[in-house]
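Thanks for coming, everyone. Please look at the screen, and then we'll walk through it together.

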Amino acid sequence: MSTIEIIMPSKRYRQKATIFMVSAIFILLACIYLNFNPLMFFTEFHFVRDLLGEMFMPNYQMLYENTSTGLSILQTLSMAFLGTLYGGIIAFLLAFLAATNTMPYKAVRVITQVFVSVLRMVPALVVVLIFVIAVGPGSFSGVLTLVVVTIGSFAKLFTETIENVEAGPGEAIFSVGASRLQVIRYSIIPQIMPSFIANLLYAFDVNIRAAIGLGIFGGGGIGFQLQMAKSVLHYKDVMALVTIIVVLVILVEKLSDYLRMKILGDGKLS
């Protein structure tokens, strides 16, 4: 009597098959719950085509016919600049309170680190909604939001930069009787200054994009102009503003990259 050998799949194969099936079921349930059908992009594409038809040609005449457009661009740049400046300075000071080699008191370090972590965890849209309710819509609430976002994003980065400086110069100054503040002034700050300025330029680049988005939610600037044009169905104005935003972001990014490369590459500030 002959026997039939049944080859069972390996344990590893069954694990992969199970993970694949569970993932597929999860994705399917999520699509059903959200009523998300990728095929609708193709079946309803004529809506996209009609919208693009209403957007072209962009109404660039609004640049000189409506003076508020140029002012809103200037407002967005100012919001990003002030948010980066104030947020960067506060993040810089908090970093010295959170770093182990500059703050000897553990309680102060822990409180500062927890405070920075809380700021980092709160989404920017939640922050701007809070400030819009507290101080009203406009550029002031946008700047306050960017200050908070900059502190949350860069205080931890500055802390790690301070903790990774070379200890030798500081120990040499300290051994001849220098105070802790003098060690920070003449040893730590000169080492971290190029990185600090380069990161501030990067923060400005990030805040420009954030300022545009925050404007849509009441933060002022060109984002607010975009929201207003969309709400009154002026799609040619919308397209003009979108292209202006893209050019603005690219110019700021290139300028930021160039300056950071000069500072970090040449090390002129070290």
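Which residues form one aromatic cluster? They are Phe92, Phe96, Phe154, Phe158, Phe196 and Tyr202. Before I go on, the ground rules. This is a predicted model: local features need pLDDT of at least 70, side-chain atom pairs count only at pLDDT 80 or more, and totals for chains, interfaces and linings use all residues. Residues are numbered from 1 along each chain as its sequence is written, and side-chain values use heavy atoms, with hydrogens and water left out.

Back to the rings. The whole structure has 5 aromatic pairs. Rings of Phe, Tyr and Trp (its six-membered ring) pair if their centres lie within 6.5 Å; planes under 30 degrees apart are stacked, over 60 edge-to-face, and the rest tilted. Take Phe92 and Phe96: their ring centres are 5.0 Å apart and their planes are at 80°, so this pair is edge-to-face. Both sit in helix H5 (residues 67-98), 4 residues apart, which means about one helical turn between them. Helices here are DSSP runs (H or I, at least four residues), numbered from the N terminus. Phe92 and Phe96 are both buried, that is, under 20% relative accessible area with a 1.4 Å probe, protein chains only.

What lines the largest cavity? Phe92 again, with Phe158, Thr161, Ile162, Ile192, Ser195, Phe196 and Asn199. A cavity is a set of points, on a 1 Å grid over the protein atoms alone, where a 1.4 Å probe fits but cannot get out; lining residues have an atom within 4 Å of a point. Its volume is about 50 Å³, counted as the space filled by probe spheres set on the points, which are joined across faces, edges and corners. H10 gives the most to this lining, with 4 residues. By class, the cavity lining has 5 nonpolar, 3 polar and no charged residues. Ala, Val, Leu, Ile, Met, Phe, Trp, Tyr, Cys and Pro count as nonpolar, Asp, Glu, Lys and Arg as charged, the others, Gly among them, as polar.

Next, the largest pocket. A pocket is an open set with protein on both sides within 12 Å along at least five of seven lines. This one has a volume of about 250 Å³. Of its 13 lining residues, the closest to the centre are Asn101, Gly170, Glu171, Val183 and Ile188. Helix H9 (167-175) and helix H10 (180-219) each give two or more. H10 gives the most here, with 5 residues. The pocket lining divides into 6 nonpolar, 3 polar and 4 charged.

How values were computed. Buried < 20%, exposed > 50% of the residue type's maximum accessible area, 1.4 Å probe, protein only.
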